[in-house]
Amino acid sequence: MDTMVADQYDLIIIGGGPIGMSLSIALRGSGLSVLLLEARESIDKNEDPRPLAFSHGSRLILHRLGIWESLSEVTPIKTIHISNRGGFGRTLLTAEEIDVPALGYVILHQDIFRVMHKKLHEYRINYLTGAQVTQLKSDLSEGRVEFKHNGELKQVKASLLVLADGGRLTAQVDGVTQHVKDYEQKAVVSRIETSFPQCGVAYERFTSDGPVAFLPFGQNFSLVWTAPPSTVEEVLDLDDDAFLARLQSHFGYRVGKLISASKRSSFPLALKYATPVSGNRVVLIGNAAQTLHPVAGQGFNLGLRDAWELSREIITMPVDIGSSAMLSKYRAMRKTDSGGGRIFTDTLVKLFSNDDILLHGVRGIGLSALDCFPPAKRFVAKRMMFGSRG
Ligand SMILES: Cc1cc2nc3c(=O)[nH]c(=O)nc-3n(C[C@H](O)[C@H](O)[C@H](O)COP(=O)(O)OP(=O)(O)OC[C@H]3O[C@@H](n4cnc5c(N)ncnc54)[C@H](O)[C@@H]3O)c2cc1C
């Protein structure tokens, strides 16, 4: 796309991942000048295989952005089945209990990426690919960005810089600290054909190595298998039959016999979060603000709420975009949702990914108790569907 670059914008969004793209789309028609900078050149070839479980709340936002209806394959989750490997206790959350059409939906990252990329063109948003931001600086009056594009170094200014780069440039933001905790786990992702067709149930099985999720997708399932890096390297090297046998013995037969697996990919897992999520004329959203373990399927959902709420704040208060007053209001608005999502996810990883015998018993009792206490189940389900405002 041929985008002319001006010297000055109301807003520059750094990072055209799904969250940066969502914010650009949410601001369309606002009358503000917005520039979206994305480092990758060949966007059309994005084949990121990871499945994303979307909450009911995210569906509503994607619908407002005009994205939802264009997604090619969306599989509803009607029931979530949570169990603990080698122990008693399990819990079932159902859409009926919460009175919603589905607890969530599964789509592929590459599908939402493709649709958003297309919408940016359709809505004629200033979007520059192959634009790698190398430096950002800001003070109380403006933010300045330096980026490389077609071998040239360019400089642009804006009233507000939005960092949606997954956290790669956070160290350059004065006054913002990035906290990192390596989970020493990786996630293996693949599509799995099973002898039982999926019927809307998402299985989450906790094991001492890490959680394994079978998410309903199309006729079958999408797998997210988390384990220590050495185990992941081992299973990536196995041939398909050996891989399926290993997965079957790890997960069991809840989805029947595992028949085939598509190409496998892996992702390193760490908790990263920034405090505070803004500096002078800079705000961090999506994975730049919080990168979470995929166990509770919260990362994209939280990031989408960051983008949506920031866009509403900007549109309803377009007087001095990026002022300290605006950013402190945004921070206060997002604090409970973002902090709650992070603590909830991190606690699940801590409680469920270990061999502790005492915790093993507590996990079983916890899952059974949750299953017998509908108000607690509704609380957990609503938190997963809508965040802190559930
Ligand atoms: C295995 C796995 C499963 C997951 N499952 C779920 C799930 O079920 N539900 C859920 O809600 N979440 C899930 N997540 C989390 C979700 O994938 C992320 O939260 C989401 O993709 C974050 O999007 P983002 O746009 O914030 O960041 P990113 O996707 O990291 O995008 C950042 C963008 O910035 C660009 N960029 C980086 N540096 C620069 C620079 N210097 N200049 C210009 N551009 C730059 C990058 O090229 C990239 O396009 C999962 C994650 C994993 C790993």
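Predicted model: local features only at pLDDT ≥ 70, side-chain atom pairs only at ≥ 80, totals over all residues.
Contact, in what follows, means heavy atoms within 4.5 Å.

Let me begin with helix H1, residues 18–26. On the H1 side, the residues that meet H7 are Pro-18, Ile-19, Ser-22, Leu-23 and Ala-26. Facing them from H7 are Phe-300, Gly-303, Leu-304, Ala-307, Trp-308, Leu-310, Ser-311, Arg-312 and Ile-315. By class, this contact of H1 with H7 comprises ten nonpolar residues, three polar and one charged. As for geometry, the two axes come within 9 Å and cross at roughly 30°. Angles under 35 degrees count as roughly parallel, and H1 is therefore roughly parallel to H7. The crossing of H1 past H7 is right-handed.

I turn next to helix H2, which covers residues 56–64. Its axis and that of H7 come within 10 Å, and they cross at roughly 45°. That angle makes H2 oblique to H7. Here the crossing is left-handed. From H2, the contact draws on Ser-58, Ile-61, Leu-62 and Arg-64, and from H7 on Asn-301, Leu-304, Arg-305 and Trp-308. Four of the residues in this contact of H2 with H7 are nonpolar, two are polar and two are charged. Please note Leu-304 and Trp-308 of H7: they are listed in the contact with H1 and again in the contact with H2.

H7 itself spans residues 299–316, and it packs with H8 at an angle of about 160°, the axes lying 10 Å apart. How, then, are H7 and H8 oriented to each other, roughly parallel or roughly antiparallel? Angles over 145 degrees count as roughly antiparallel, and H7 and H8 are therefore roughly antiparallel. H7 passes H8 in a right-handed crossing. H7 contributes Leu-302, Arg-305, Asp-306, Glu-309, Leu-310, Glu-313 and Ile-314, while H8 contributes Met-326, Lys-329, Tyr-330, Met-333, Arg-334, Asp-337, Ser-338 and Gly-341. This contact of H7 with H8 divides into six nonpolar, two polar and seven charged residues.

H8 deserves a word of its own. It runs over residues 324–352, 29 residues in number, and reaches 40 Å from its first C-alpha to its last, close to the 42 Å expected at 1.5 Å a residue. H8 also has a kink of about 45°, centred on Arg-334. Arg-334 is one of the H8 residues in contact with H7.

Finally, two points on the backbone. Thr-275 and Pro-276 are joined by a cis peptide bond, with omega about -20°. Pro-276 sits in the loop between strand S17, residues 265–275, and strand S18, residues 278–279. Elsewhere, Arg-124 has a phi near 55°, a positive value in a residue other than glycine. Arg-124 belongs to the loop between helix H4, residues 109–122, and strand S8, residues 126–128. Thank you.

Definitions and conventions: Residues numbered from 1 in each chain as written. Heavy atoms only, no water. Helix = DSSP H or I, 4+ residues; strand = E, 2+ residues; numbered from the N terminus. Expected span 1.5 Å × (residues − 1). Bend = angle between axes of the 7 residues up to and from the residue. Axes fitted to C-alpha atoms, helices over the stretch in contact; angles between N-to-C directions. Parallel < 35°, antiparallel > 145°, perpendicular 65-115°, else oblique. Left-handed = near helix turned anticlockwise from the far one by under 90°. Nonpolar A, V, L, I, M, F, W, Y, C, P; charged D, E, K, R; others polar.
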